[in-house]
Amino acid sequence: MNRLLLAAYPASYRARHGQEVLGCLAEAYPGRSWPPPRETATLIRAGLEARAREVAEDPARPWWLDGVHLAALVLAALALVPYLQDVWHWGLRIDPGEHAIAFHFSGWYPWADGPTRTRLLPYGLLPLVCLVALLRGRAWIALPASVAMIHAGATFGTSTLFGTEGMAGLGYYGLGAPLTARDLVLSGTLCAACAVLAVCRPKRLRRHSYRWLIPLTVGLFVAGQLHVIAISPAFQRGLFVVEVAGLLAAWVATAATGDRRWLIPVAVFAFVRVQAIVVQPRGFMGSLPDLVVLLLLIAPLPVLAIAAQRRQQRTLLELP
C-alpha cells in the first residue's frame with residue numbers, strides 16, 4: 001500500500017527516490033502496509049509540492065496559459081457534474097424512469113416509452129466532450145462543444161436536439177445558488193477559455209494522462225448505478241469535500257512555488273459561483289448562511305495571493 005503514496009509524486013521523482021522512500025517507510029513502520037494518518041498527509045503534501053515545482057519549472061509553456069487550461073478543465077467538470085447520471089444512462093441505453101433528474105417519468109430517449117417528447121442527445125455530452133478534449137490538450141475540439149453549450153442554453157425550451165428534460169431542473173449548486181444549462185455565464189466563460197487555448201499555440205498545451213479519466217468513469221458509474229443525482233444531500237456533501245480538497249491542493253502548490261497559475265482556476269470558479277448567487281439570491285438550498293457561502297468562495301483568492309507573495313519574497317532572501 002505504501003506504493004500508492006508514491007503516486008502523489010511525479011514520475012521523475014519516483015524514478016530517482018522511489019525505492020529510498022519505500023525503504024524509509026518500511027524501516028520506520030515495520031509490519032505496517034500504511035503509515036499513520038499524519039505521516040500519510042505529510043507524504044501526500046510533499047508529493048503535491050514536488051509535482052507543483054515540476055510544473056512551475058517547465059519552460060514549455062507560459063504560466064498564464066497553463067492557468068487558463070486548468071480553469072477550462074474546472075469549468076467543464078463543473079458543467080458536467082449534474083448530468084453524470086444522465087450521460088451514463090444514455091450511453092448504456094438505460095431508461096431511468098422514476099430516477100430521472102428532477103422529474104418522475106420516462107421518455108428521455110428515442111428507445112424510452114413515456115408521455116413526453118423524446119430527445120436525441122443528453123445535454124451532458126457537451127461538457128463531457130469538452131472535458132475529455134481539454135484533458136488531452138485538444139482545444140480545437142473543446143471549443144465547438146462549448147459553443148454548442150451556449151446554443152443549448154440560449155435556445156432552452158425551443159430546441160428539439162437536447163430537449164428540456166434534464167436541463168429544466170436544478171443543476172450543480174453546491175453550497176450556493178443553482179447552476180443550470182441555462183446559466184450562460186458558465187458556458188460563456190468556458191467558451192472564452194477554450195477560444196484562448198485554441199488561438200494561443202494549442203500544441204503547447206499540457207496533455208494529461210488517460211488515467212485522469214478513471215475518476216470520471218467512477219463518477220459516472222456511481223451516479224448511474226446508485227441513481228445519485230445532483231440534488232441529493234449526499235451528493236452535495238461529497239462534492240463539497242472534493243471542492244475543499246481542490247482548494248487545499250491549489251494552496252499547497254502556490255505556497256510551495258510562489259507561482260500564480262493556480263490563482264486563475266480558483267478565481268474563475270469563484271466568479272461563476274458568486275454571480276449565480278447574486279443573480280439568484282433565493283436559489284440557496286439553506287446549507288449555510290448566505291454570507292458564509294460568499295466568504296467561502298472569495299476567501300481563497302487573497303489567501304493564495306498572499307501565499308505566492310510570501311514564497312517569492314522568501315526565494316529572493318535565499319538568493320546569494
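**Core.** I took a nonpolar core as a set of buried Ala, Val, Leu, Ile, Met, Phe, Trp, Tyr and Cys residues joined through side-chain atoms within 4.5 Å. Buried means under 20% relative accessible area, with a 1.4 Å probe and protein chains only. This is a predicted model: local features need pLDDT of at least 70, side-chain atom pairs count only at pLDDT 80 or more, and totals for chains, interfaces and linings use all residues. Residues are numbered from 1 along each chain as its sequence is written, and side-chain values use heavy atoms, with hydrogens and water left out.

The largest nonpolar core has 43 residues. Cys-130, Leu-134, Leu-190 and Leu-197 touch the most other members. Helices are DSSP runs (H or I, at least four residues), numbered from the N terminus. Those giving at least two residues to this core include helix 4, helix 6 (125-135), helix 8 and helix 11 (263-279). Helix 4 gives the largest share, 10 residues.

I then checked Leu-190, setting aside neighbours within four places in sequence. Its contacts (heavy atoms within 4.5 Å) are Ala-72, Leu-75, Ala-76, Cys-130, Leu-134, Ser-146 and Met-149. I also found a second, separate core of nine residues, among them Leu-22 and Ala-50.

**Cavities.** A cavity is a set of points on a 1 Å grid over the protein atoms alone where a 1.4 Å probe fits but cannot get out; lining residues have an atom within 4 Å of a point. Points are joined across faces, edges and corners, and the volume is the space filled by probe spheres set on them. I count two cavities of 30 Å³ or more. Helix 4 (63-80) and helix 8 (184-199) each give two or more lining residues.

**Helix 5.** Is this helix mostly covered or mostly open? Mostly covered: six of its eight residues are buried. They are Leu-84, Gln-85, Asp-86, Val-87, Trp-88 and His-89. The cover includes helix 4, helix 6 and helix 9. Arg-93 follows helix 5 and has a positive phi, near 55 degrees.

**Asp-259.** I found this residue in the loop between helix 10 (233-257) and helix 11. Asp-259 is buried, at 13% relative accessible area. Its side chain reaches the backbone nitrogen of Arg-261 at 2.8 Å. Not counting residues up to four places away in sequence, Asp-259 touches Ala-56, Trp-63 and Thr-254.

Technical notes. On a 1 Å grid over the protein atoms alone, a cavity is a set of points where a 1.4 Å probe fits but cannot get out, and a pocket is an open set with protein on both sides within 12 Å along at least five of seven lines; lining residues have an atom within 4 Å of a point. Buried means under 20% relative accessible area, exposed over 50%, partly exposed in between (1.4 Å probe, protein chains only). A polar contact is a pair of N or O atoms within 3.5 Å; within protein, one must be able to donate a hydrogen and the other to accept it, and residues adjacent in sequence count only if both atoms are side-chain atoms.
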